[in-house]
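Please look over the fold below.

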Amino acid sequence: MALRGDPKKPTPRLIGKTRDAGDPRIARVCADLRFGQELGEGIRRIFDEMNLAGLADPDYTQTSGSVRLTLSFQAVDRELEQRLPEGARDILRVIRDAERVSTGDVVAATGESRPIVLRHLRALRDEGLIDWVGQSPRDPRAYWKRRIE
C-alpha cells in the first residue's frame, strides 16, 4: 500500500482499499454520535459520514497495537481544500493547536523539509487562513498564527 506522508496514517482514499483493524470502542462512539449505524461498519463509513456532514476528516492513526481516531467538529470548505497543496491541512492543524508557531516548529512537527513547509505556509497565507507576524524577513521571533475573522 503506497501512502503519502506518515506511513501509519492512511489517506481517506486508501481506507476503502485496505483492510484495517477496527476498534469497537471507536465504532460505539461514532454510532452514538450518529456518524455510523452499527458496530463494525468500518473506518471508511466514518470518513464518508464526516465528509457528508461537511466536517474535517478524522485524524486516523494505526499502530501494531492500537487504533486512534480523533473526530473534529471543524467545518471544512472542500473547494478551499482542493486549492491548497497536499499537506497544508496538517500544517494548519499544527498552527491551530499551538496558536502561534515558528517556521522551524512547523518543520519539526510535520517532518517535512523547510522549502515544502514554506510553500504550504505561503499558500495558507495567500488563502487568508494564517498570518505571519514579525519585524523583518529574518526576525528570529517571527511566528505564524491562525487568522481569526
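## Helix packing

Helix axes here are lines fitted to C-alpha atoms over the stretch in contact, and angles between N-to-C directions run from 0 to 180 degrees. The model is predicted.

Take helix H5, residues 88–98, and helix H7, residues 114–126. Their axes lie 9 Å apart and cross at an angle of about 75 degrees. Angles of 65 to 115 degrees count as roughly perpendicular, so H5 is roughly perpendicular to H7.

Which residues make the contact? H5 supplies Ala88, Ile91, Leu92 and Ile95. H7 supplies Val117, His120, Leu121 and Leu124. By class, seven of the residues in this contact are nonpolar and one is polar. None is charged.

## Strand pairing

Strand E1 spans residues 59–62, and strand E2 spans residues 67–70. The two run antiparallel and are joined by four bridges. A hairpin of four residues links E1 to E2.

## The chain as a whole

The chain holds seven helices and five strands. From the N terminus, the order is α-α-α-β-β-α-α-β-α-α-β-β.

How much of the chain is buried? Of its 149 residues, 32% count as buried.

Sequence separation gives another view of the fold. Among contacts with a separation of 6 or more, 44% involve residues 24 or more positions apart.

How values were computed:
Residues numbered from 1 in each chain as written. Predicted model: local features only at pLDDT ≥ 70, side-chain atom pairs only at ≥ 80, totals over all residues. Heavy atoms only, no water. Pairing = 2+ DSSP bridges. Parallel < 35°, antiparallel > 145°, perpendicular 65-115°, else oblique. Contact = heavy atoms within 4.5 Å. Nonpolar A, V, L, I, M, F, W, Y, C, P; charged D, E, K, R; others polar. Buried < 20%, exposed > 50% of the residue type's maximum accessible area, 1.4 Å probe, protein only.
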